Amino acid sequence: MILLDSQQILAAIKRSLETHVLPSLDDELAQIQVHAALTALAEVSHRLEHGDPYVEANTRLEDGLRSLTTETRGESPELTAQIEIALTAATGIDDPRERNRCLGEALTGLLERNDPGVAGVRQLLEQEASRIAGEDSAWMCTAAIESLQ
């Protein structure tokens, strides 16, 4: 396996599960577990090829926040300053998931403010959450979810 790259190793595991393991299973729960493993392998393969999805999510969120600060600077200067502080703090965090968590926590704290600009922050967060949920749905194993019902 040393001569293979990561994508080739994942493809070999996928082929083995689909060709040899899955057809030999009579137990429905075991079949569901293999389908779930195949879905997880597909997600890992996608991440190896395209990188961590949080990198792109952070870029979208940060770009949206920068645009929002331009819009809210006049009517919500305190909120704008807080958003800029959150963006600056996030800039120093290299890990995309930690960066997203810190930025998300800072923005969630801003939602409690009584400020007209908060609606823009809320809308931006809701849009990003919806987009992420849509993208994540590709990696959900419907057979496993259906088995829970």
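Asn58 lies in helix H3, where helices are DSSP runs of H or I with at least four residues, strands are E runs of at least two, and both are numbered from the N terminus. This is a predicted model, in which local features need pLDDT of at least 70 and side-chain atom pairs count only at pLDDT 80 or more, while totals for chains, interfaces and linings use all residues. Residues are numbered from 1 along each chain as its sequence is written, and side-chain values use heavy atoms, with hydrogens and water left out.

**Single residues**

Asn58 has a relative accessible area of 4%, so Asn58 is buried. Buried means under 20% relative accessible area, exposed over 50%, and partly exposed in between, with a 1.4 Å probe and protein chains only. Apart from its neighbours within four places in sequence, Asn58 is in contact with Pro96, Arg99 and Asn100; contact means heavy atoms within 4.5 Å.

Gly92 sits in the loop between helix H4 (77–91) and helix H5 (96–110). Ile9 belongs to helix H1, residues 6–21.

| Residue | Relative accessibility | Class |
|---|---|---|
| Asn58 | 4% | buried |
| Cys141 | 12% | buried |
| Ile9 | 24% | partly exposed |
| Cys102 | 26% | partly exposed |
| Gly92 | 63% | exposed |

A disulfide is a covalent bond between the sulfur atoms of two cysteines. The structure holds zero disulfides, where a disulfide is counted as a pair of cysteine sulfur atoms within 2.5 Å.

**The chain**

The chain has seven helices and zero strands. Read from the N terminus, its elements run α-α-α-α-α-α-α. Of its 149 residues, 28% are buried. Among contacts with a separation of 6 or more, 66% join residues 24 or more positions apart.

The radius of gyration of the chain is 21 Å, whereas a compact globule of 149 residues would have a value near 15 Å. This radius is taken over C-alpha atoms, and the globule rule is 2.2 Å times the number of residues to the power 0.38. The C-alpha trace spans about 65 × 40 × 20 Å along its principal axes.

Two pairs of residues give distances within the model. Ile9 and Gly109 are 100 residues apart in sequence, and their C-alpha atoms are 44 Å apart. For Gly92 and Val34, 58 residues apart along the chain, the C-alpha separation is 40 Å.

**The largest pocket**

The largest pocket holds about 210 Å³ of space. On a 1 Å grid over the protein atoms alone, a pocket is an open set of points where a 1.4 Å probe fits, with protein on both sides within 12 Å along at least five of seven lines; lining residues have an atom within 4 Å of a point. Grid points are joined across faces, edges and corners, and the volume is the space filled by probe spheres set on the points.

The lining includes Glu43, His46, Arg47, His50, Asp52, Glu135 and Trp139. Helix H2 (28–50), helix H3 (53–72) and helix H6 (118–136) are the elements that give two or more residues to this lining. H2 gives the most, with four residues. By type, the lining has two nonpolar, three polar and six charged residues. Here Ala, Val, Leu, Ile, Met, Phe, Trp, Tyr, Cys and Pro count as nonpolar, Asp, Glu, Lys and Arg as charged, and the others, Gly among them, as polar.
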